[in-house]
Amino acid sequence: MTRRPVAVSAPGKVLVAGGYLVLDRSHTGLVFGLDARIHVLVQKLPPSTGVVLSEIVVRSPQFRDAEWRYEYREVKDHGGFQITQLTGHSTSVQSRNRFVETALAYTLSYISATSNTMIGSASVTILADADYYSHPGSTARSDPAGFIDFEESLSEAHKTGLGSSAALVTAFVAAVLTYYLDENQLDLRSDLGRRRLHNLAQAAHCAAQGKVGSGFDVAAAVYGSCVYRRFSPSILEELGEAGSPQFSKRLTAVVEELDASNTWNMQIDKAAARIPCGLRLAMCDVDCGSETVGMAKKVLGWRKENADEAALLWATLQKGNEELARELLRLAEGTSTDSRDYKNLSDIFLTIRSLIREMSAKAEVPIEPKVQTELLDACCGIHGVVGGVVPGAGGFDAIALLVENDALPSLQQFLDTYKTPSNNDSGPGIGKVRLLGVKQDWEGLRSESVETYTDWIR
């Protein structure tokens with residue numbers, strides 16, 4: 001059977017409100033999708049390239065030596081598919097790519113359990129929009145579609161914190177599903193198809209991370225901007241390891257919600273996530289990411305040891321986050337006379353930041369480090385910059401600002417000469433600050449034209 005090449009993309013994200021709180025179903029997060037996307041193309045593997053008959057080759061050509069070759073085989077007793085990296089035939093000198101490997105195992109296992117499709121060899125190409133990685137002063141070439149050669153290995157690249165792993169897993173799962181299954185088997189344009197994609201991508205992403213996260217990043221990759229309430233972690237508790245007996249049956253039951261007592265109970269409210277037409281998100285890269293897993297453990301540890309104090313602080317933060325979403329919605333739906341009155345919005349941002357710094361101090365975690373406070377304060381002093389935060393789990397990822405559309409040149413001019421004061425934190429300094437080219441985007445997963453990637457495929 002000859003299959004046509006397919007290409008899809010999924011957006012990055014920024015969690016403007018709800019960092020740490022979104023881990024608890026009692027609270028929500030305000031997450032905006034971004035127009036920076038991860039793209040995945042799947043096509044037939046040329047016969048001359050294949051070393052073994054059952055082979056899938058994954059390439060990330062924007063990085064040096066980023067190629068992974070996998071042999072796949074179906075495991076007996078409904079264990080799904082086992083994926084083995086063919087290290088002797090790979091040009092990559094890096095360790096295993098656990099996100100790609102896990103997404104591939106989960107997706108092929110689901111396909112085998114729900115259809116009679118024969119899995120054939122394939123070539124997968126992954127491309128990332130430029131703003132996912134820091135590349136200050138780069139002279140890297142770009143193609144007409146805007147993709148650049150990052151001129152370094154993937155392990156050397158510095159992420160900007162836009163949610164690359166969730167966007168990658170979501171786009172990868174969607175592309176592989178679309179390549180091997182007909183639309184009458186699974187149509188990702190339908191509500192049911194999107195929901196099953198969401199469930200499968202969440203399961204694969206959690207397995208690759210080694211923990212059950214909140215899932216807001218995968219939800220944004222599938223659905224776009226939204227107010228998000230997480231799913232119950234118990235949904236994935238009995239899934240087990242890929243390749244274990246009956247795994248593909250358990251995975252199918254989870255993805256298709258066959259057990260009425262174990263359905264996905266996340267809440268995704270797209271209508272509640274709005275930005276007024278006169279404003280846009282701006283992200284400022286500080287070229288120094290954070291280990292958010294370790295930070296989350298410390299914050300949750302403090303919360304457990306100081307339950308009453310933490311409950312009061314989190315409830316107050318939740319109230320502030322809800323006020324932020326409501327004010328943005330009010331302004332988006334308001335009349336022309338109040339559409340540029342952003343004083344209340346600015347005050348809400350300041351209140352949220354104050355509460356985040358209180359949590360940061362009590363948990364002894366640099367959620368808003370001093371150098372980030374200085375940068376945010378300086379940016380918010382520019383006319384037309386309404387407010388901002390260190391989004392998500394905080395630390396030294398790119399900061400998020402809400403900016404009047406005509407204030408971007410002033411912000412860019414300011415950042416061109418900005419120098420951080422001496423770093424008094426125990427953490428790293430932030431170096432040069434770069435205004436990323438991203439802004440909010442309402443669309444989640446989407447199909448793409450294969451011709452877009454001509455310069456990067458072989």
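Contact, as the word is used here, means heavy atoms within 4.5 Å, and helices (H or I, at least four residues) and strands (E, at least two) are DSSP runs that are numbered from the N terminus. The structure is a predicted model, in which local features need pLDDT of at least 70 and side-chain atom pairs count only at pLDDT 80 or more, while totals for chains, interfaces and linings use all residues. Residues are numbered from 1 along each chain as its sequence is written, and side-chain values use heavy atoms, with hydrogens and water left out.

Tyr-106, Ser-109, Tyr-110, Ala-113 and Thr-114 of H1 are in contact with Phe-247, Ser-248, Leu-251, Thr-252 and Val-255 of H5. Sorted by class, this contact between H1 and H5 has six nonpolar, four polar and no charged residues, where Ala, Val, Leu, Ile, Met, Phe, Trp, Tyr, Cys and Pro count as nonpolar, Asp, Glu, Lys and Arg as charged, and the others, Gly among them, as polar. Two packed helices are described by the angle between their axes and the distance between the axes. Helix H1 (residues 98–114) packs with H5 at an angle of about 90°, and their axes are 9 Å apart; the axes are lines fitted to C-alpha atoms, for helices over the stretch in contact, and angles run from 0 to 180 degrees between N-to-C directions. H1 and H5 are therefore roughly perpendicular to each other, a description that applies to angles of 65 to 115 degrees, whereas those under 35 count as roughly parallel, those over 145 as roughly antiparallel and the rest as oblique.

Thr-252 belongs to helix H5, which spans residues 247–255, and at 9% relative accessibility Thr-252 counts as buried, buried being under 20% relative accessible area, exposed over 50% and partly exposed in between (1.4 Å probe, protein chains only). Leaving aside residues up to four places away in sequence, Thr-252 touches Tyr-110, Ala-113, Thr-114, Glu-257 and Leu-258.

Four strands form an open sheet with antiparallel pairing, in the order S10-S11-S9-S12, and two strands are said to pair if DSSP finds at least two bridges between them. Its edge strands are S10 (385–389) and S12 (434–435), each of which pairs on one side only. Strand S9 (residues 279–285) pairs with strand S11 (residues 399–404) in the antiparallel sense over six bridges; Met-283 stands opposite Ala-400 of S11, and Leu-279 has Glu-404 as its bridge partner in that strand. S10 and S11 also run antiparallel and are joined by four bridges, with Val-385 opposite Val-403 of S11.

In a regular strand the side chains alternate between the two faces of the sheet. In S11, Ile-399, Leu-401 and Val-403 point one way, while Ala-400, Leu-402 and Glu-404 point the other way, and all are buried. Because six of the six residues of S11 are buried, the strand is largely enclosed by the rest of the structure. Helix H8 (residues 343–363) lies across S9, S10 and S11, and runs at about 20° to S10.

Charged pairs come next. The whole structure has 24 salt bridges, each being a side-chain nitrogen of Lys or Arg within 4 Å of a carboxyl oxygen of Asp or Glu. One of them joins Arg-37 to Asp-441, whose closest N and O atoms are 3.5 Å apart. Arg-37 lies in strand S2 (residues 29–44) and Asp-441 in strand S13 (residues 440–441), so the pair ties together parts that are 404 residues apart in sequence; both Arg-37 and Asp-441 are buried.

Another salt bridge links the side chains of Glu-368 and Arg-353, at 3.1 Å from N to O. Glu-368 lies in the loop between H8 and helix H9 (370–380) and Arg-353 in helix H8, so this pair ties together parts that are 15 residues apart in sequence, and both Glu-368 and Arg-353 are buried. Glu-67 and Arg-59, both buried, also meet through their side chains in a salt bridge (3.9 Å, N to O), and Glu-55, Arg-59, Glu-67 and Arg-69 are linked in a network of salt bridges.

Finally, Lys-439 lies in the loop between S12 and S13 and is partly exposed, with a relative accessible area of 35%. The C-alpha atoms of Lys-439 and Gly-33 are separated by 8.5 Å, although these residues are 406 residues apart along the chain. Not counting residues up to four places away in sequence, Lys-439 touches Gly-33, Leu-34, Asp-35, Arg-280 and Leu-281.
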